[in-house]
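Hi,

Here is the structure I promised to pass on to you. Have a look at it first, and then read on for what turned up in it.

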Amino acid sequence: MIILPNALYPYSQGAGTLTVTEPCATVADALSAIAARWPALTDRVLTEQGELRRHVNVFVGEESIKFIDGLNTSVTDGSTITIVPAVSGG
């Protein structure tokens with residue numbers, strides 16, 4: 001399951017939660033699986049080179065993939081992937 005922030009709802013036909021039915025070993029696999037159905041959504045999360053955009057944070061469970069294995073972070077059946085926009089301020 002992939003949970004989206006409100007800002008990405010327009011790119012997922014209004015859905016806040018996406019179900020991935022394909023088997024996925026990594027976060028990259030899960031994002032590839034949703035890219036086929038919602039390419040505009042994936043364009044907001046990944047760069048043209050397939051890297052995570054700087055202003056996007058991705059979590060598997062409660063762990064940021066930045067501190068694990070990036071897009072190669074392992075997922076299992078039933079994992080929850082959460083996409084969160086980066087917040088900055090001063």
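This is a predicted model: local features need pLDDT of at least 70, side-chain atom pairs count only at pLDDT 80 or more; totals for chains, interfaces and linings use all residues.

The chain has 2 helices and 5 strands; these are DSSP runs numbered from the N terminus, with helices being H or I of at least four residues and strands being E of at least two. Starting at the N terminus, the order of elements is β-β-α-α-β-β-β.

Residues are numbered from 1 along each chain as its sequence is written, and side-chain values use heavy atoms, with hydrogens and water left out.

**The whole chain**

A compact globule of 90 residues would have a radius of gyration near 12 Å, and the chain agrees because its own value is 12 Å. (That radius is taken over C-alpha atoms, and the globule rule is 2.2 Å times the number of residues to the power 0.38.) Along the principal axes, the C-alpha atoms fill a box of roughly 40 × 30 × 25 Å. The accessible surface is about 5,600 Å², and carbon and sulfur atoms account for 51% of it; areas come from the Shrake-Rupley method with a 1.4 Å probe, and for residues only the protein chains shown count as cover.

Of the 90 residues, 37% are buried, where buried means under 20% relative accessible area, exposed means over 50%, and partly exposed is in between (1.4 Å probe, protein chains only). Take the contacts between residues at least 6 apart in sequence: 49% of them join residues at least 24 apart. A contact here means heavy atoms within 4.5 Å.

**The sheet**

In what order do the strands of the sheet sit? It is an open sheet of 5 strands, running S2-S1-S5-S3-S4 with mixed pairing. Two strands pair if DSSP finds at least two bridges between them. At the edges are strand S2 (17–18) and strand S4 (63–64), each of which pairs on one side only.

S3 and S5 are antiparallel partners over 5 bridges. Within this pair, Asn57 has Val84 of S5 as its bridge partner, and Val60 stands opposite Ile81. Helix H1 packs on the sheet, touching strand S1 (2–3), S2, S3 and S5, and its direction makes about 80 degrees with that of S5. (Axes are lines fitted to C-alpha atoms, for helices over the stretch in contact, and angles run from 0 to 180 degrees between N-to-C directions.)

S3 also pairs with S4, again in the antiparallel sense, over 2 bridges, and there Val60 stands opposite Glu63. These two strands form a hairpin with 2 residues between them, and Gly61 in the turn has a positive phi of about 65 degrees. Why is S3 largely enclosed by the rest of the structure? Because 4 of its 5 residues are buried.

In soluble globular proteins, nonpolar side chains tend to be buried together. The largest nonpolar core here has 22 residues, and Ile2, Val27, Leu31, Ile81 and Ile83 have the most contacts inside it. At least two core residues come from each of helix H1 (27–35), H2, strand S3 (56–60) and strand S5 (81–85), with H1 giving the largest share, 5 residues. For the term itself, a nonpolar core is a set of buried Ala, Val, Leu, Ile, Met, Phe, Trp, Tyr and Cys residues joined through side-chain atoms within 4.5 Å.

Neighbours within four places in sequence aside, Ile81 is in contact with several residues, including Met1, Val27, Val58 and Val75.

- Thr42 is in helix H2 (residues 39–45). Thr42 counts as buried because its relative accessible area is 10%. Beyond four places in sequence, Thr42 is in contact with Leu31, Ile34 and Ala35.
- Thr26 sits in the loop between S2 and H1, and its relative accessible area of 15% makes it buried. Not counting residues up to four places away, Thr26 touches Leu71, Asn72, Thr73, Ser74 and Val75.
- Pro85 lies in strand S5. Is Pro85 buried or partly exposed? At 39% relative accessibility, Pro85 is partly exposed. Leaving aside neighbours within four places, Pro85 is in contact with Pro5, His55 and Asn57.

Cheers
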